[in-house]
Amino acid sequence: MIDLSRITKSKTRRRIFSHVLKSPDRDFYLRDLERMTHISAANLRRDLVEMVTAGLFRTYQKGNRIYYHFNQHSPLSGFLRKSMPPSVSLSGLLFNSLS
């Protein structure tokens, strides 16, 4: 099972999820996420690699770009979709679920 506290420890991960879950069917290139989150590509890449390893994201390569796609079949996906009303931020949801 995925440890929710591990996700919430990183501001970068919280910001990634807050943007990705607005369009969970969309594929994101690293530079897209960099522009949206205002986080450096190196920091994004480090956290994305960990989340891919944990099964939260899938990747595919197109040309020389690696695209990231939120894995809607992960155990966390169902939790997030059921628990997050559109007006609630993801970081607030995760912190409340841990209290």
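**Close-up 1. Helix α4 along its length.** Helix α4 spans residues 41-53, and its 13 residues reach 18 Å from the first C-alpha to the last. That is close to the 18 Å expected at 1.5 Å a residue (the expected span is 1.5 Å times one less than the number of residues). Helices (H or I, at least four residues) and strands (E, at least two) are DSSP runs, numbered from the N terminus. This is a predicted model, in which local features need pLDDT of at least 70, side-chain atom pairs count only at pLDDT 80 or more, and totals for chains, interfaces and linings use all residues. Residues are numbered from 1 along each chain as its sequence is written, and side-chain values use heavy atoms, leaving out hydrogens and water.

Close-up 2. Look for Ala41, Leu44, Asp47, Leu48 and Met51, the buried residues of α4 (buried means under 20% relative accessible area, exposed over 50%, partly exposed in between; 1.4 Å probe, protein chains only). Down the helix axis they fall within an arc of 135°, so they line one face of α4 (the arc is that of the directions from the helix axis to the C-beta atoms). Their cover includes α2 (11-20), α3 (30-37), β2 (57-62) and β3. Ala42 and Thr53 are exposed on the other side of α4.

**Close-up 3. Gly55 and Asn71.** Just after α4, Gly55 takes a positive phi of about 90°. Asn71 sits in the loop between β3 (65-70) and α5 (75-83), and is buried at a relative accessible area of 14%. The side chain of Asn71 reaches the backbone oxygen of Gly55 at 2.8 Å. Not counting residues up to four places away in sequence, Asn71 touches Gly55, Leu56, Phe57, Arg58 and Ser77 (contact means heavy atoms within 4.5 Å).

Key
A polar contact is a pair of N or O atoms within 3.5 Å; within protein, one must be able to donate a hydrogen and the other to accept it, and residues adjacent in sequence count only if both atoms are side-chain atoms.
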